[in-house]
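User: Please take a close look at one part of this model, the nonpolar core and the helices packed around it. I would like one connected account.

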Amino acid sequence: MDMMLEIRNLDVRYGGIHAVQGISLNIPRGSIVTLIGANGAGKSSTIRSIAGLNKTVSGEILLRRREGDAPVSLMGLKPEDMVRHGISLSPEGRRILPHLTVEENLLLGAYSRSDTDGIRADMEQVYDLFPRLRERSWQQGGTLSGGEQQMLSVGRALMSNPDMVMLDEPSLGLAPLLVKEIFDIIRRINAQGKTVLLVEQNAFAALSVADYAYILEVGRVVLEGPGAEMLENPKVKEAYLGG
């Protein structure tokens with residue numbers, strides 16, 4: 001199997017808090033991999049570390065951007081370096097800029113690029129994925145609904161034309177119909193050739209789309225396997241799927 005990203009013995013600390021305790025993950029190229037766990041399990045700390053947002057990190061983060069490449073270490077790189085290496089993040093809480101228009105927010109996602117034609121083509125792809133953003137392209141981001149802001153956050157992450165997009169709690173606070181729409185779009189993003197790393201508290205929705213899943217508890221991986229198998233696992237059912 002062609003591994004795009006390998007995480008080895010990742011440790012993350014915040015002061016005296018040992019948030020991630022030596023976890024290892026494999027992200028195959030072209031797959032959807034999900035991290036499942038309760039609040040405080042270490043999911044967001046892991047994804048933020050891969051994005052270069054955490055400073056007190058040890059272990060290995062290895063990237064093979066193309067099949068057959070020798071692995072490149074990403075440890076210690078800044079967030080903008082991660083984007084240049086083909087990894088982008090749609091963060092928890094959306095973090096859009098409320099006083100900029102939808103289109104201006106999207107263009108910020110392409111800040112590392114200079115290929116004007118490619119940027120315009122990717123903007124069209126984002127608008128095809130999210131027709132509501134096209135309708136609201138000149139509307140200020142802060143006036144959008146919560147679901148529309150989430151779409152904008154995901155769209156902005158796609159504007160760097162990443163090889164891998166990381167989505168941190170994309171369904172948080174959304175109504176059930178919008179949750180279904182977001183997960184349908186995650187499938188479409190993956191079908192377009194993007195590798196997806198998904199952090200999500202909605203375990204059923206995440207496991208339903210994931211090729212592979214890691215279950216985290218208190219900073220450690222306690223269970224892993226194909227998403228379909230995890231949906232049927234008695235321990236996962238009891239802890240995360242309401243029995």
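Analyst: A nonpolar core here is a set of buried Ala, Val, Leu, Ile, Met, Phe, Trp, Tyr and Cys residues joined through side-chain atoms within 4.5 Å. Buried means under 20% relative accessible area, exposed over 50%, and partly exposed in between, with a 1.4 Å probe and protein chains only. The model is predicted, so local features need pLDDT of at least 70 and side-chain atom pairs count only at pLDDT 80 or more, while totals for chains, interfaces and linings use all residues. Residues are numbered from 1 along each chain as its sequence is written, and side-chain values use heavy atoms, with hydrogens and water left out.

The largest nonpolar core has 43 residues. Those with the most contacts inside this core are L106, F130, L133, I186, I189, V196 and L198. Helix α7 (residues 176-191) gives the most to the core, 7 residues; helices (H or I, at least four residues) and strands (E, at least two) are DSSP runs, numbered from the N terminus. A second, separate core of 28 residues includes L25, I50, L89 and L197.

I189 touches L129, V154, L158, V165, K194 and V196, residues up to four places away in sequence not being counted. Contact means heavy atoms within 4.5 Å.

For α4 (residues 116-129), 14 residues at 1.5 Å each should span 20 Å, and the end C-alpha atoms are 20 Å apart, which agrees. The expected span is 1.5 Å times one less than the number of residues in the helix. The buried residues of α4 are G118, I119, D122, M123, V126, Y127 and L129. What covers them includes α3 (102-108), α5 (131-135), α6 and α7.

V126 is a residue of α4 and counts as buried at 2% relative accessibility. Apart from neighbours within four places in sequence, V126 is in contact with L106, L133, G155, L158 and M159. The C-alpha atoms of V126 and V154 are separated by 8.9 Å, although the two residues are 28 apart along the chain.

In α6, 12 of the 13 residues are buried, so this helix is largely enclosed by the rest of the structure. The buried residues are G147, E148, Q149, Q150, M151, L152, S153, V154, G155, R156, A157 and L158. They pack against β6, α3, α4, α5, β7 and α7. At 1.5 Å a residue, α6 should span 18 Å, and its end C-alpha atoms are 19 Å apart, which agrees.

N161 is found in the loop between α6 and β7, and E169 in the loop between β7 and α7. Most residues other than glycine have a negative phi. N161, not a glycine, has a positive phi of about 55°, and phi of E169 is near 55°, also a positive value in a residue other than glycine. N161 is partly exposed, with a relative accessible area of 37%, whereas E169 is buried, with a relative accessible area of 3%.
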